[in-house]
Amino acid sequence: INHNLSGADTWKIKLGTTASASDVYAGSWSNVAQLNQYHEPLIWSDEDLGFAYDTLLILPAAYTARYLTIEISSVGNPAGYVQVGRVFAGPMWQPTINAAYGLQDFVKDMSTTTRAESGTRWITERRRTRGVKCALEWLTPTEAEWFHELMMSGGTCKEVLYAPKATDLAYSQRYGFV
């Protein structure tokens with residue numbers, strides 16, 4: 001999250017019982033960015049926050065490890081260094097039957113514009129946040145209990161990664177969010 005990596009950069013994830021080890025999971029090199037950007041790269045108004053699309057990697061199974069190592073290859077980085085603001089790692093849950101048809105993806109722009117008495121426009125540019133409205137109508141009783149506990153423990157303030165299509169990382173980078 002909040003990185004300066006490009007689509008040409010690659011990364012590898014390792015999980016281990018000791019620092020830098022890969023005895024639990026040894027990933028392979030893959031592209032950081034999966035999606036095509038149709039316009040100039042989206043960078044937040046505060047350039048220190050980096051690109052607007054998070055990098056995303058979903059491992060093939062659930063693992064328990066003490067150490068997580070992220071190796072990054074960013075040979076042509078124009079900044080001359082790699083910047084990653086935050087890393088989110090956590091368990092994944094996917095319902096047996098997906099959300100009901102009719103997901104409503106939205107972007108909420110936190111920016112504001114006002115006018116001075118003279119008519120001059122004052123702009124305060126802020127981040128845009130992604131969101132989705134959906135209904136999980138076909139949860140099994142066990143899944144409903146798990147989801148209820150997630151809502152109780154996470155509430156409004158804890159972070160949850162939403163990846164709408166675990167099998168399509170480009171789609172999940174574009175429409176997913178923490």
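The legends below describe close-up views of a predicted model. In this predicted model, local features need pLDDT of at least 70 and side-chain atom pairs count only at pLDDT 80 or more, whereas totals for chains, interfaces and linings use all residues. Residues are numbered from 1 along each chain as its sequence is written, and side-chain values use heavy atoms, with hydrogens and water left out.

**View 1. The hairpin formed by strands β6 and β7**. Strand β6 (residues 112-115) and strand β7 (residues 121-124) run antiparallel and are joined by four bridges; strands are DSSP runs of E with at least two residues, numbered from the N terminus, and two of them pair if DSSP finds at least two bridges between them. R115 has R121 in β7 as its bridge partner. Five residues lie between the two strands, and G119, in the turn, has a positive phi of about 100°.

**View 2. S74 in the loop between β4 and β5**. The loop that holds S74 lies between β4 (67-73) and β5 (104-109). S74 counts as buried because its relative accessibility is 15%, where buried means under 20% relative accessible area, exposed over 50% and partly exposed in between (1.4 Å probe, protein chains only). Its side chain makes a polar contact with the side chain of D9 at 3.0 Å; a polar contact is a pair of N or O atoms within 3.5 Å, of which, within protein, one must be able to donate a hydrogen and the other to accept it, while residues adjacent in sequence count only if both atoms are side-chain atoms. When neighbours within four places in sequence are left aside, S74 is in contact (heavy atoms within 4.5 Å) with L5, D9 and V82.

**View 3. The salt bridge between K12 and E71**. Four salt bridges are found in a search of the whole structure, each being a side-chain nitrogen of Lys or Arg within 4 Å of a carboxyl oxygen of Asp or Glu. In the pair of K12 and E71, the closest N and O atoms are 3.8 Å apart. This pair links distant parts of the chain, with K12 in strand β1 (residues 10-16) and E71 in strand β4, 59 residues apart. K12 counts as buried at 18% relative accessibility, whereas E71 is partly exposed, at 24%.

**View 4. The salt bridge between E159 and R86**. The side chains of E159 and R86 meet at 2.6 Å, N to O. E159 is partly exposed at 41% relative accessibility, and R86 is also partly exposed, with a relative accessible area of 37%.
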